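Here are a few notes to read alongside the model. Please keep the structure open as you go.

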Amino acid sequence: MRTILITGPGGGGRTAVAAATALAAARTGRRTLVLSADRTDTLGAALATETGPTPTAVTPHLTACRPDPTAGFRDDLAAFQERATSALELLGASRLDPEELTPLPGAEELTLLRALRDAALSERHDLLVVDLPATPQALALLALPEELRRYLRRLLPPERQAARALRPVLGRLAGVPMPAEWLYETAARWDVELAAVEAVVADRDTAVRLVAEPGPAGDDAVRTATLALALRGLRPDMLVANRVVPEAWSPGLVAQQRKILEEWGETYDVRTVVHLGHDPRGADDLAALAVPDAGEAPSAVEWPVVDRLTEDGVLVWHIPLPGAIRDELDLVRRGDELVLTAGPFRRIVPLPSALRRCTVDGAALREGELRIRFAPDPELWPTTR
């Protein structure tokens with residue numbers, strides 16, 4: 001199934017573009033699902049059809065859904081309380097009633113990720129269009145599965161399950177209950193679910209599409225988003241320049257947009273969408289936007305390790321980071337992981353197996369690409385005799 005993740009600066013019209021993209025695909029006969037995480041029904045306003053947690057048929061081939069974070073949060077917390085009864089009683093904690101539960105920050109993101117996973121695993125659709133939140137929140141959402149999986153592995157390492165027979169003995173020696181089997185089972189289930197979401201984002205049939213209005217604020221947001229996506233090994237398949245005004249409108253605004261469009265065209269595959277003079281609403285307005293089709297270009301980017309042992313005695317890890325600034329880059333090696341910081345963004349990535357037996361020998365930023373040199377550690381690197 002083809003998946004298009006659409007994001008952009010707040011107020012850039014990304015929801016209308018997402019709705020128009022889904023509607024255009026459905027008109028070609030593709031079974032299309034469009035998802036949104038907005039608490040307010042901006043997707044329904046664009047489609048002129050109310051949307052909610054129950055999938056709504058907009059046209060014979062288009063379905064819209066806006067998952068409810070409240071219901072999912074209540075169900076998850078109720079299940080946790082049920083399984084953790086003994087631990088809660090030990091702590092003297094009072095159980096929470098479903099009626100007093102409200103979603104915590106981040107509940108919308110987790111609910112959308114779960115809906116994304118479920119839609120991708122089903123075979124009911126040919127195309128999935130996801131109206132992600134505004135760019136900063138969308139970038140955090142895309143990073144969430146990887147980060148949560150890392151936390152789970154650190155807090156509840158799978159290898160500790162091998163000592164399950166010793167836990168009752170250790171519990172008596174320590175005087176406190178040890179983690180119960182259900183806790184490890186829950187962590188393992190979460191890991192599988194998060195891995196499924198990671199797989200959808202990294203799939204070659206998944207594209208990340210940026211939507212921005214060609215102006216100073218949109219230009220800054222696009223540069224920031226491109227760097228953040230690159231740090232996650234992603235790049236936009238295209239940049240949709242939304243609300244491009246006709247030539248007959250304000251000459252100053254036309255000139256400003258034209259300048260930025262020319263600059264964007266040097267770096268991105270830019271597609272323009274006209275300004276209708278009002279917020280799009282309904283099938284006719286969405287069709288008038290003439291948005292680009294679903295396309296086929298992948299968003300994943302390779303981070304290759306180049307063998308230069310013969311020439312220079314090092315392995316070089318090439319990491320594309322377009323827009324990165326040398327003074328805002330930072331690298332820290334932590335065991336078998338690399339903590340990589342680019343501007344305001346940070347990612348902790350596992351080292352490829354060959355590089356784990358090496359030491360960092362230096363790094364350089366050239367033409368928007370970070371090249372990290374690794375020298376083999378004589379104590380760990382296999383030698384020929």
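**Notes on the predicted model**

1. Ser-36 is buried, with a relative accessible area of 0%. Buried means under 20% relative accessible area, with a 1.4 Å probe and protein chains only. This is a predicted model: local features need pLDDT of at least 70, side-chain atom pairs count only at pLDDT 80 or more, and totals for chains, interfaces and linings use all residues. Residues are numbered from 1 along each chain as its sequence is written, and side-chain values use heavy atoms, leaving out hydrogens and water.

2. Ser-36 sits in strand β2, residues 32-36. Strands are DSSP runs (E, at least two residues) and helices are too (H or I, at least four), numbered from the N terminus.

3. What does Ser-36 touch, leaving aside residues up to four places away in sequence? The list is Leu-43, Cys-65, Arg-66, Pro-67, Leu-112 and Asp-131. A contact here means heavy atoms within 4.5 Å. A polar atom of the Ser-36 side chain also lies 3.3 Å from the backbone nitrogen of Asp-38.

4. Where is the kink in α6? It lies at Leu-144, shortly before the proline Pro-145, and is about 40 degrees. The bend is the angle between axes fitted to the seven residues ending there and the seven starting there.

5. Overall, the protein chain has 12 helices and 15 strands. Of its 385 residues, 44% are buried.

Terms used. Buried means under 20% relative accessible area, exposed over 50%, partly exposed in between (1.4 Å probe, protein chains only). A polar contact is a pair of N or O atoms within 3.5 Å; within protein, one must be able to donate a hydrogen and the other to accept it, and residues adjacent in sequence count only if both atoms are side-chain atoms.
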